[in-house]
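Have the viewer open while you read.

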Amino acid sequence: MTPYSFTYHKATSVEDAIAQLQKLGDEAKWVAGGHSLIPSMKLRLSAPEALIDIQGLDELKTISDGGHEIHIGALSTHRSVETSSLVKGKCPVVAKVASGIGDPQVRNKGTIGGSLAHADPSADYPAIILALGATITVQGPGGSRSISADDFFTGMFDTALEDHELITRVSVPAVGSGAAYAKFGNPASRYAIVGVAAYVEKDVHGTCTLARIAITGAADTVFRASAMEEALVGKPFNEASISAAAGHAPDESDMLSDLSASASYRAHLCSVMAKRALMDC
Amino acid sequence: MKHSISVTVNGVTHEASVDARTLLVDFLRDHLHLTGTHVGCDTSQCGACTIHIDGASVKACNMFAVQADGATIKTIEGRASNGTLQPLQESFKEEHGLHCGFCTPGMIMSAADLLQHNPNPSESEIRHALEGNFCRCTGYHNIVKAIQSAAQKM
């Protein structure tokens, strides 16, 4: 399958990438790993007139220690996140999520910035980014700004990114324990039919003081399971309270329904996967 | 508009002129006549087109040839030398790791990527590493055995 014709350009810096996109107009797109965009172009669901390749921007590929957080460059591949000793040491749940995205060939090309900007409703990264309350740094023609994960995902394939804004890095808190991700994946694509990421904090008595539970794959965008979170906070963090909280499945009418899973099955999976994730926290 | 590219494939450098929309897999098969890299699903799921770019396994149906400018590529044709099969290829033959053989080039390239990072993988690690490669004949069992056998030899 061959896409429609387009012109191909390479960016030499973040500023150059933004300038080229402004110059080439509304039908131009940046391409990073290309693992969502290129299949969509081949199916002719997407037909950009110009591609600006940003894969050569090495300054967006670093993973660095920011003390209480880790800064992951937007062009870090899933493979580089999965194998980073820094990520594995200071925020192992993010390395684990990366290791389950797609398959090895996909992980060698796909990037964290591309995944978040694309905001596929079944992608893995959005769930853990939202559960951990990560911060997404973007650069646009007017400079850079930070967007909290809570404000970033706004709908199906839709985000808080403005025109001509490029994700430059993702900062995840250094969370050594208390976080987990459980995915019921499509056996062919490995996309999440339902994936639940959870982050909990407990006090010295084992009482849950904070719970952030984010669900991907189930609805038109990743979302916080607030009823589950509220049911956990203030309770002793044990199997009984986890089961009770996970029982607060989202409303079936908000769930996606397709050939992989019906809406009612997805709602059920939200409870099952939430329990698994929480038991792993 | 055509783009001039230079790629090194199996040790041989090729200069070519390609359209932006020419897929890398089509460039390998139709321009360089390296037809061992197969097109299966053409939707970046089945892995039959897996090759190595700068040492890492990639699905060649999911990138453009112009993006490979300057890259070092290895395809299935680059594995055997002078008719002598490499241990992985030998093991696929010995362990009956193929039936129709369509998926085999991609399977071997994925397995080679696994073994270069993990010379002694467990069965579950092998199965995890093959998640991007579909076989519709063997049920994977003998493919896993072939990779285990190759790991022992290498």
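## Ground rules

Contact here means heavy atoms within 4.5 Å. Helices (H or I, at least four residues) and strands (E, at least two) are DSSP runs, numbered from the N terminus.

This is a predicted model, in which local features need pLDDT of at least 70, side-chain atom pairs count only at pLDDT 80 or more, and totals for chains, interfaces and linings use all residues. Residues are numbered from 1 along each chain as its sequence is written, chains are lettered from A and ligands numbered from 1 in the order in which they are written, and side-chain values use heavy atoms, with hydrogens and water left out.

## Domains

The bounds come from an automatic or database domain assignment. In chain A that gives domain 1 (7-53), domain 2 (58-173) and domain 3 (179-279). The C-alpha centres of domain 1 and domain 3 of chain A are 35 Å apart.

Chain B splits into domain 1 (2-78) and domain 2 (87-153). Their C-alpha centres are separated by 22 Å, and 18 residues of domain 1 of chain B touch 14 residues of domain 2 of chain B.

## A helix pair in chain B

Start with helix 2 (residues 87-94) and helix 5 (residues 141-153) of chain B: they pack at about 135°, axes 8 Å apart. Axes are lines fitted to C-alpha atoms, for helices over the stretch in contact, and angles run from 0 to 180 degrees between N-to-C directions. Helix 2 and helix 5 of chain B are therefore oblique to each other (under 35 degrees counts as roughly parallel, over 145 as roughly antiparallel, 65 to 115 as roughly perpendicular and the rest as oblique).

Who meets whom? On the helix 2 side of chain B, the residues include Leu88(B) and Phe92(B), and on the helix 5 side they include Ile143(B), Ala146(B) and Ile147(B). The contact residues divide into 7 nonpolar, 2 polar and 3 charged (Ala, Val, Leu, Ile, Met, Phe, Trp, Tyr, Cys and Pro count as nonpolar, Asp, Glu, Lys and Arg as charged, and the others, Gly among them, as polar).

## A helix pair in chain A

Helix 5 (residues 92-99) and helix 8 (residues 125-132) of chain A cross at roughly 165°, their axes coming within 10 Å. Helix 5 and helix 8 of chain A are therefore roughly antiparallel to each other.

Val93(A), Val94(A), Val97(A) and Ala98(A) of helix 5 meet Tyr125(A), Ile128(A) and Leu132(A) of helix 8. By class, this contact has 7 nonpolar, no polar and no charged residues.

## Two sheets in chain A

Two strands pair if DSSP finds at least two bridges between them. An open, antiparallel sheet in chain A has 5 strands in the order 4-5-10-6-7. Its edge strands, each pairing on one side only, are strand 4 (63-65) and strand 7 (143-148) of chain A, and the twist averages 20° from one strand to the next. Helix 1 (residues 14-24) of chain A packs on this sheet, touching strand 6 (135-140) and strand 10, with a direction at about 60° to that of strand 6 of chain A.

Another open sheet of chain A is parallel, with 3 strands in the order 1-3-2. Strand 1 (7-10) and strand 2 (28-31) of chain A are its edges. Strand 2 is joined to strand 3 (residues 50-53) of chain A by 4 bridges, and Trp30(A) has Ile52(A) as its bridge partner in strand 3 of chain A. Helix 1 of chain A packs on this sheet too, touching strand 1, strand 2 and strand 3, with its direction at about 155° to that of strand 2 of chain A.
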